[in-house]
Amino acid sequence: MRAIRAASAALLGVAALALTAPTALAATSINTTPYDFRVTPSTVAPGGRVMLTAGGCPSTTTVTSGVFDTVTIPQNGSTAATVDLNARPGSVYSVQFNCIGRIGTIDLTIRGGTTTPTTGSTVAPQGVRGGLGGSMGGLNTGEIVAGAALVVAATTATVVVIRRRSSTRQH
């Protein structure tokens, strides 16, 4: 029986590893140039800002993507780009760097969540507006007495049943 459990656990582990390996490989960037191209952060919300860096490039670098406007980075510099508000959460967009004909590609993931641009302002959190519902109706004395009687009856019945069980059991 233990062999079946161990085999099942091993098979599930291998299946989980096989299913997550392609995702891990797809998340890596493809940068086959001698230059240091970077997108920071690599995951951003729609409307958020990313920092694009082209280190080591002896000229200006042109950066294009389907998720923001074309940007030019100065020699050995960096610049910021704002991701489109209509970027689809969960999608992966390709960011292409072009430095004197050498092309480097890095993936940019759009996370779910807020669709408003990230700014320096802070919004104060609000509590849940649960309301009172039907709990604040008029107090009816008859209903209160009936409810109290039901609670007393249930408690009494429980005590009687427990005492009967313990008196019939002899140790």
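1. **Asn76 and its backbone.** Asn76 sits in the loop between E5 and strand E6 (78-82). Strands here are DSSP runs of E with at least two residues, numbered from the N terminus. The phi of Asn76 is near 50°, a positive value in a residue other than glycine. Asn76 is partly exposed, at 48% relative accessibility. The accessibility classes use a 1.4 Å probe on protein chains only: buried is under 20% relative accessible area, exposed is over 50%, and partly exposed lies in between.

2. **Basis of the model.** This is a predicted model, in which local features need pLDDT of at least 70 and side-chain atom pairs count only at pLDDT 80 or more, while totals for chains, interfaces and linings use all residues. Residues are numbered from 1 along each chain as its sequence is written, and side-chain values use heavy atoms, with hydrogens and water left out.

3. **Confidence.** The protein chain averages a pLDDT of 75 (the predictor's confidence in each residue, from 0 to 100). Of the residues, 62% score at least 70. Two stretches deserve a look. Over residues 9-17, pLDDT stays under 50, and the model has 0 contacts there beyond four places in sequence (contact: heavy atoms within 4.5 Å). Over residues 21-29, pLDDT also stays under 50. For residues 21-29 the model has 4 contacts beyond four places in sequence.

4. **Sheet layout.** The open sheet has 5 strands, in the order E2-E8-E7-E4-E5. Its pairing is mixed (two strands pair if DSSP finds at least two bridges between them). Strand E2 (43-44) and strand E5 (71-73) stand at the edges. Each has a single partner strand, so one side of each is left without a neighbour in the sheet.

5. E2 runs parallel to strand E8 (residues 102-110), and 2 bridges join them. Val44 stands opposite Ile110 in E8.

6. Strand E4 (residues 61-65) and E5 run antiparallel, joined by 3 bridges. Val63 has Val71 in E5 as its bridge partner.

7. **The E7-E8 hairpin.** Strand E7 (residues 92-99) pairs with E8 in the antiparallel sense, over 8 bridges. Cys99 stands opposite Arg102 in E8. The two strands form a hairpin with 2 residues between them. Ile100 is in the loop between E7 and E8. Its phi is positive, about 40°, although Ile100 is not a glycine. Ile100 counts as exposed, at 54% relative accessibility.

8. **A cis peptide bond.** The bond from Thr40 to Pro41 is cis, with omega near -5°. Pro41 is found in the loop between strand E1 (36-40) and E2.

9. **Salt bridge.** The structure holds 1 salt bridge (a side-chain nitrogen of Lys or Arg within 4 Å of a carboxyl oxygen of Asp or Glu). The side chains of Arg38 and Asp36 form it, at 3.1 Å, N to O. Arg38 is partly exposed, with a relative accessible area of 40%. Asp36 is partly exposed too, at 37% relative accessibility.

10. **Leu52.** Neighbours within four places in sequence are left aside here. Leu52 is in contact with residues including Arg38, Val39, Val63, Phe68 and Val71. Its list also holds Ile73, Gly77, Ser78, Thr79, Ala81, Val95 and Phe97.

11. **Ile73.** Ile73 lies in strand E5. Its relative accessible area is 0%, and Ile73 is buried. With neighbours within four places in sequence left aside, Ile73 is in contact with Leu52, Thr53, Ala54, Thr60, Thr61, Val63, Ser78, Thr79 and Phe97. Ile73 and Cys57 are 16 residues apart in sequence. In space, their C-alpha atoms are 9.7 Å apart.

How values were computed:
Helix = DSSP H or I, 4+ residues; strand = E, 2+ residues; numbered from the N terminus.
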